[in-house]
Each structure stands twice: as C-alpha cells, then as structure tokens.
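Okay, I'll keep this short. Have a look at the structure on the screen, and I'll walk you through the fold and then the pocket.

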Amino acid sequence: MSDRDRAPGMAARAESFIIERAGENLILKIKREDGRVALIELTPDTAFYLREYLSNALASLGMPEDV
C-alpha cells in the first residue's frame, strides 16, 4: 500500500472487480480508477465470511439478500 493510499480520501476508487477460482481458493481482483489492480487471495473460510459480511451490509441498506 502506498503512502497515497493511506491518506484519508486519497486512495483510488474501485472501478470494477472479478472473482476467479484458484485451486481451493478464490482470487478477488479489484481494478482501480488509476489502472492499478489489487489481488486478494481468499481461502474458503474467508470467502464465506466476506459473503456473510456483505449480505448483512446490504440488508442494513434495505437491499434484498438474493441480489
């Protein structure tokens, strides 16, 4: 992470993302507005936790869980 990314409000915003399978794990690829790509490897446990976290966040915004 660069010093620029650490500054409040200065990190490049996400433009798009994709999730790919890599053996037993998943790779979350996040493309930023400035063209950089962040790669995050997720174990099955971490992927499940992220799914639950996002589901709860969407529910708190009034979004249906099956979106």
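So, this is a predicted model, and what we have here is an open sheet of 3 strands, running in the order β1-β2-β3 with antiparallel pairing. At the edges sit β1, residues 14-22, and β3, residues 37-42, each of them pairing on one side only. On average, neighbouring strands in this sheet are turned by 20 degrees against each other, if you ignore direction.

Let's zoom in on one pair. β1 and β2, which is residues 25-32, are joined in the antiparallel sense over 8 bridges. Within that, Ile 19 faces Leu 28 of β2.

Now the helix. α2, residues 44-60, packs on the sheet and touches β2 and β3. Its direction makes about 110 degrees with that of β3. What about its length? Just after α2 you'll find Gly 62, with a positive phi of about 85 degrees.

Which residues line it? Here's our pair again, Ile 19 and Leu 28, along with Phe 17, Ile 30, Leu 42, Leu 50 and Leu 54. β1, β2 and α2 each put at least two residues into that lining. And how does the lining divide by residue type? It's 7 nonpolar, no polar and no charged.

That's it from me, happy to take questions.

Definitions and conventions: Residues numbered from 1 in each chain as written. Predicted model: local features only at pLDDT ≥ 70, side-chain atom pairs only at ≥ 80, totals over all residues. Heavy atoms only, no water. Pairing = 2+ DSSP bridges. Helix = DSSP H or I, 4+ residues; strand = E, 2+ residues; numbered from the N terminus. Axes fitted to C-alpha atoms, helices over the stretch in contact; angles between N-to-C directions. Contact = heavy atoms within 4.5 Å. 1 Å grid on protein atoms, 1.4 Å probe; cavity = no way out; pocket = protein on both sides within 12 Å on 5 of 7 lines; lining within 4 Å. Nonpolar A, V, L, I, M, F, W, Y, C, P; charged D, E, K, R; others polar.
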